[in-house]
Amino acid sequence: MPFQSLVARLPYPSFAVQRAVAIAAVIAQAGIGVTGSVVRVTGSGLGCPTWPQCVEGSIVPVAHPEFDALTQWIEFSNRMLTGVVIAVAALCVITAWRVQIEHPSRRRLVKLAWTMPAGVMLQAVVGGITVLAKLEWWTVALHFLASTPLVWLAVLLLRAFKEGDEPARWLIPDAGRKTLIALAASMWAVLVAGTVVTGAGPHGGDPGTHRLQAPIETLTQVHGGLLVVYLIVLAVFGLQLMRGQTPKQLWQRYTLAWVIALAQGVLGSVQYALGVPEALVSFHVLGSALVIISTATLWCGSRDRGPVTSATAPERELATSN
């Protein structure tokens with residue numbers, strides 16, 4: 001394959017480079033959701049009313065009597081950030097591919113890396129549908145929810161760069177594995193409920209956008225109740241960890257999950273009490289990404305796939321010559 005030969009000519013990425021690329025993927029996948037929330041709370045969602053063009057006949061913002069220049073540029077800037085996310089996703093694939101060329105057994109690493117550009121392209125399509133549907137609340141919800149597994153997969157990719165490819169050996173009791181699955185499921189339930197609350201809330205992305213006609217108080221209570229469920233499952237998981245020889249690092253990740261989830265709950269309560277101010281909405285979206293990251297980190301820390309293959313070609317040649 002011509003492209004593979006080009007990748008093979010690239011320098012072998014050090015562990016620092018691999019880590020940096022994967023961290024960039026986590027930040028990019030989480031960040032695009034936060035910038036999307038800025039578009040929504042500033043009412044800029046239809047600043048560019050067509051897709052993939054901004055306005056009819058131009059892919060970039062132009063003076064238009066119907067659309068404010070600032071809202072055009074806010075929406076257009078968010079679209080341009082998608083290009084940055086794609087570039088980071090491409091770097092993930094190239095980095096993982098270069099590692100696999102040196103270590104052919106690392107197919108899982110490459111598969112995880114490919115989920116980054118594939119997911120971004122899917123997000124671009126969903127984003128286009130969202131614009132064409134004039135920001136109907138359920139399309140905005142799907143647009144956000146499509147990002148959540150990409151944040152999770154980016155964390156798994158970061159872990160994959162640092163671990164081997166042996167079958168997963170769980171470091172927690174069998175019952176803990178089921179609880180961990182329930183924890184992930186409850187986390188996504190909280191996220192889904194959050195998008196429904198948003199659909200009925202005051203920030204629709206555009207003043208003329210249809211909103212979900214449902215009592216916001218009831219939806220908020222459901223959303224908060226599901227967070228309580230997440231915390232109860234997290235507590236049960238902690239009790240199960242006490243039954244085994246839990247590594248110190250896993251306890252640290254468990255503690256971090258508690259801190260982030262509680263902080264997110266407090267932030268959500270304050271946000272609701274203050275009447276959902278714009279800035280707090282974006283911080284709450286950031287908090288959602290951090291909950292995903294901390295839960296995925298806890299998931300990764302609960303199993304071991306052995307040491308990563310670390311010898312690069314130059315290192316092996318040096319070892320052979322000695």
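The protein chain contains eleven helices and two strands. The coordinates come from a predicted model. Read along the sequence, the elements follow the pattern α-α-α-α-α-α-β-α-α-α-α-β-α.

**Overall form**

The C-alpha atoms of the protein chain fill a box of roughly 75 × 55 × 25 Å along the principal axes. A compact globule of 322 residues would have a radius of gyration near 20 Å, and the 22 Å found for the protein chain agrees with that. Of the 322 residues, 47% are buried. The accessible surface comes to about 15900 Å², and carbon and sulfur atoms account for 70% of this area. Among contacts between residues at least 6 apart in sequence, 78% join residues at least 24 apart.

**Helix α8**

Helix α8 covers residues 216-241. Its 26 residues should span 38 Å at 1.5 Å a residue, and the end C-alpha atoms are 37 Å apart, which agrees. The buried residues of α8 include Leu227, Tyr230, Leu231, Leu234 and Phe237. An α-helix has 3.6 residues a turn, so residues three or four places apart point the same way.

| Residue | Relative accessible area | State |
|---|---|---|
| Threonine 139 | 2% | buried |
| Glycine 45 | 5% | buried |
| Isoleucine 59 | 53% | exposed |

Threonine 139 belongs to helix α5, which comprises residues 137-145. Apart from residues up to four places away in sequence, threonine 139 touches Thr130 and Ala133. Threonine 139 counts as buried because its relative accessible area is 2%, under the 20% limit.

Glycine 45 is located in the loop between α2 and α3. Neighbours within four places in sequence aside, glycine 45 is in contact with Val39, Glu75, Leu135 and Gly205.

Together with Val60 and Val62, Ile59 forms a nonpolar patch on the surface, with about 230 Å² of accessible area in total.

Definitions and conventions. Residues are numbered from 1 along each chain as its sequence is written. This is a predicted model: local features need pLDDT of at least 70, side-chain atom pairs count only at pLDDT 80 or more; totals for chains, interfaces and linings use all residues. Side-chain values use heavy atoms; hydrogens and water are left out. Helices (H or I, at least four residues) and strands (E, at least two) are DSSP runs, numbered from the N terminus. Buried means under 20% relative accessible area, exposed over 50%, partly exposed in between (1.4 Å probe, protein chains only). Contact means heavy atoms within 4.5 Å. Patches are made of residues with over 30% relative accessible area and no salt bridge: like charges are joined within 9 Å, nonpolar side chains (Val, Leu, Ile, Met, Phe, Trp, Tyr) within 5 Å. Accessible areas come from the Shrake-Rupley method with a 1.4 Å probe; for residues, only the protein chains shown count as cover. A salt bridge is a side-chain nitrogen of Lys or Arg within 4 Å of a carboxyl oxygen of Asp or Glu. The expected span of a helix is 1.5 Å times one less than its number of residues. The radius of gyration is taken over C-alpha atoms; the globule rule is 2.2 Å times the number of residues to the power 0.38.
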